[in-house]
Amino acid sequence: MSPRVISGVSGAIFVVAVLLLDKGFLFLINFLVALIAALSMVEIFNAMGIAKVAYITIPTIIFVMILPILGYCMVWQICLYFYTIAMLGIMVFNSKFKIENIALVYMLSLLVTVSLNKIIELRNLDEKIGSFYALLALATAWTSDTGAYFCGKYLGKKKLCPEISPKKTIEGVIGGIFVCVLSLILIAVMFNNLEFHNKYQINYALLIFMGITGSLISALGDLCFSAIKRSCHIKDFGNVIPGHGGVLDRFDSVIFVVPYVYLFLKLLPVL
């Protein structure tokens, strides 16, 4: 079995365990999301070659961890204001840093912390179904990525966007959609029978539509971060996850998909 498969299966088991245990350890997901956000920014700093620039890295790492831990409170709003002022001040008082580099760090810090925090917000939507919603969001991103990888590897012929990611194919995207939809249906059936004991009516038409559109957004997120890696002349953001690369390589599509699933379920709940 390849390291990618082993890592993927191990990660899936860990995520399901965390979501199920979250009822007894309410702060567990908050801490893990904050840690993932911090590690993601560390990988971005390494890719950009500014990991040793403490007056950029330290405030940014602290900033991205505050929202998952404290939520949208006054403390976070104050930190957002002063972090914005600090980043703009760097452009004024340190001319060696290009404006586009500062802008990239600022944009990615907001994207990472706000997007990943939606996992917590999904969990908090409802005491009984929050973990189910959070799992749907993560599954949409990860099963799309897994399906696209294997279908593209064995069936892929037509390149999707070769100038950004040469290995990604149209067949892979289609396979990702199919695997994603099938996985969401299986998760819904499993939760409805084992966790909810058939107390809820699941709208499978909405679930399928969410899977199709979410899978396409997952592919877009993967391509966007591939473009960032290409501009930084790196293959992966790190090597902490065998077969996948860095933390951000595993969560790039999640960053795009989770906010979409959050908005979708708020407007069109599947339960």
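**Helical architecture, core and charged pairs of a predicted model**

Along the sequence, the secondary structure of the protein follows the pattern α-α-α-α-α-α-β-β-α-α-α. In total there are nine helices and two strands, where helices (H or I, at least four residues) and strands (E, at least two) are DSSP runs numbered from the N terminus. The model is predicted, and local features therefore need pLDDT of at least 70 and side-chain atom pairs count only at pLDDT 80 or more, while totals for chains, interfaces and linings use all residues. Residues are numbered from 1 along each chain as its sequence is written, and side-chain values use heavy atoms, with hydrogens and water left out.

Of the 271 residues of the protein, 48% count as buried.

In soluble globular proteins, nonpolar side chains tend to be buried together. A nonpolar core is here a set of buried Ala, Val, Leu, Ile, Met, Phe, Trp, Tyr and Cys residues joined through side-chain atoms within 4.5 Å. The largest such core has 66 residues, and those with the most contacts inside it are Ile-56, Leu-116, Ile-119, Phe-132, Leu-136, Val-254 and Val-270. Two or more residues are given to this core by each of α2 (28-48), α3 (54-70), α4 (74-93), α5, α6, α7 (170-195), α8 and α9. The largest share, eleven residues, comes from α9.

Helix α3 contains Ile-56, which is buried along with Thr-57, Thr-60, Phe-63, Val-64, Ile-66, Leu-67 and Pro-68. The cover over the buried residues of α3 includes α2, α4 and α5. Leaving aside residues up to four places away in sequence, Ile-56 touches Phe-45, Ile-50, Ile-90, Phe-97, Ile-102 and Val-105. The expected span of a helix is 1.5 Å times one less than its number of residues. For the 17 residues of α3, the reach from the first C-alpha to the last is 24 Å, close to the 24 Å expected. After α3 comes Gly-71, whose phi is positive, near 80°.

Helix α6 was examined in the same way. Its 26 residues should span 38 Å, and the end C-alpha atoms are 36 Å apart, which agrees. The helix bends by about 25° at Ala-139, the bend being the angle between axes fitted to the seven residues ending there and the seven starting there. Helix α6 is mostly covered, with 19 of its 26 residues buried.

Side chains of opposite charge can pair when their charged atoms come close. A salt bridge is a side-chain nitrogen of Lys or Arg within 4 Å of a carboxyl oxygen of Asp or Glu, and four salt bridges are found by this rule. One of them joins Glu-121 and Lys-118, at 3.2 Å from N to O. These two residues are three residues apart in helix α5 (residues 99-124) and are therefore separated by about one helical turn. Both Glu-121 and Lys-118 are buried.

Another salt bridge pairs Arg-250 with Asp-145, the closest N and O atoms being 2.4 Å apart. This pair links distant parts of the chain, since Arg-250 lies in helix α9 (residues 247-267) and Asp-145 in helix α6 (residues 130-155), 105 residues apart. Arg-250 and Asp-145 are both buried. Because Asp-249 is in helix α9 and Lys-229 in helix α8 (residues 204-231), the pair ties together parts that are 20 residues apart in sequence. Asp-249 and Lys-229 are likewise buried.

The loop between α8 and α9 holds Lys-235, which is exposed because its relative accessible area is 65%. The C-alpha atoms of Lys-235 and Ala-47 are 9.8 Å apart in space, although the two residues are 188 residues apart in sequence.

A search of the whole structure for disulfides (pairs of cysteine sulfur atoms within 2.5 Å) finds zero. The sulfur of Cys-79 has its closest cysteine sulfur in Cys-73, 8.0 Å away, which is too far for a bond. Cys-79 is partly exposed, with a relative accessible area of 23%, whereas Cys-232 counts as buried at 18%.

Technical notes. Buried < 20%, exposed > 50% of the residue type's maximum accessible area, 1.4 Å probe, protein only. Contact = heavy atoms within 4.5 Å.
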